[in-house]
Amino acid sequence: MDPAHPVLANITSYLHHLFQKGLAVQTIMCHRSMLSSALRFHTDLDITHSQELTQLIVNFKRERPPQRNLVPKWDLDLVLWTLLEPPFEPIWDETKVPLTFLTWKVTFLLLLASGLRRGELHSIPFKGLSYQKDFDWITLRPDPEFVSKTRIATGKALDPFKIHSLKRLVGSEQERKLDPCRAVRAYIRRTETLRKDRRLLLISPDHKVKGEISVNTISAWVSNLIQYVYRQPGQRARDLTGRTTHEVRAYAATLVHKGCWSLEDVLQSGQWTSNQVFIEHYLRDLSEQQDSIKRLGPIAAGRQTVQL
């Protein structure tokens, strides 16, 4: 077989091999998409619209239907309650809140408030941030050159979006410790001298790092935050498998859903075109955490202000 010029039977055999290895059907579909992108430049083989491959995927789904897991991989309420206390507060005191912990906090709150994927948040340049003088809201404009996973079909860049401060719902500074606009304001002030010629909004808190962060850095920050939360004395040990930014995105969409916003708002928070993706991959059961989250008051999630 010529790897650069396979025939349809080769592709079918390869996908079947992946299925036999136990890969999830969604993963196999991703392999099909990647092969399609690679082959279209130098062959006439169209595997995207192949009825034979489409039927093969349908058969895979029948044999191995996707399993929905509604149980969150970690407790959102535990993380949010921890962000209210040292070493994440008082946020304006540089002697009590190291820049690393402020970076973790602002990253987590922005992911939750925006519902963005890690790559989408990573793409936002510092110049893509605008805000009102008193930070009643912030507007984030992703890099126009960046094409999100949900926009690959159209090739369109992500639209700018606004995140509102919680100050209009809660009065005192003490009550706004989970306000993403407040966290961004503190972060901008703390990183002013570190920025220099760096382009991205989020930068490394390590003074020795001069370049830009990677997409994986954002995942590492969220992972480190959640590990820190579960290491604290008195907290029960948990299996931290799956401590990813994907789960923050799932929480954001679920909170919008639980906060009685419309399905249209839920789909907009994740930039999805149908509710199937949300229901099958992002909907979470918050029954065990709902009372604890409710006591936190208003939360910025999925580009909405949610109060359970």
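Reader: In which sense do strand S1 and strand S2 pair, and over how many bridges?

Author: This is a predicted model, in which local features need pLDDT of at least 70 and side-chain atom pairs count only at pLDDT 80 or more, while totals for chains, interfaces and linings use all residues. Residues are numbered from 1 along each chain as its sequence is written, and side-chain values use heavy atoms, with hydrogens and water left out. Strand S1 (residues 129-131) and strand S2 (residues 137-140) pair in the antiparallel sense over three bridges, where pairing requires at least two DSSP bridges between two strands and strands are DSSP runs of E with at least two residues, helices being H or I runs of at least four, numbered from the N terminus.

Reader: Which residue stands opposite Tyr 131?

Author: Ile 138 in S2 stands opposite Tyr 131. The hairpin of S1 and S2 has five residues between the strands, and there Phe 135 takes a positive phi near 55°.

Reader: And what about S2 and strand S3?

Author: S2 and S3 (residues 161-164) pair in the antiparallel sense over four bridges, with Trp 137 opposite His 164 in S3.

Reader: Switching topic, where is Ser 123?

Author: Ser 123 is in the loop between helix H6 (118-122) and S1, and its side chain reaches the backbone oxygen of Glu 120 at 2.8 Å.

Reader: Why does Ser 123 count as buried?

Author: Ser 123 counts as buried because its relative accessibility is 7%, and buried means under 20% relative accessible area, with exposed over 50% and partly exposed in between (1.4 Å probe, protein chains only).

Conventions
A polar contact is a pair of N or O atoms within 3.5 Å; within protein, one must be able to donate a hydrogen and the other to accept it, and residues adjacent in sequence count only if both atoms are side-chain atoms.
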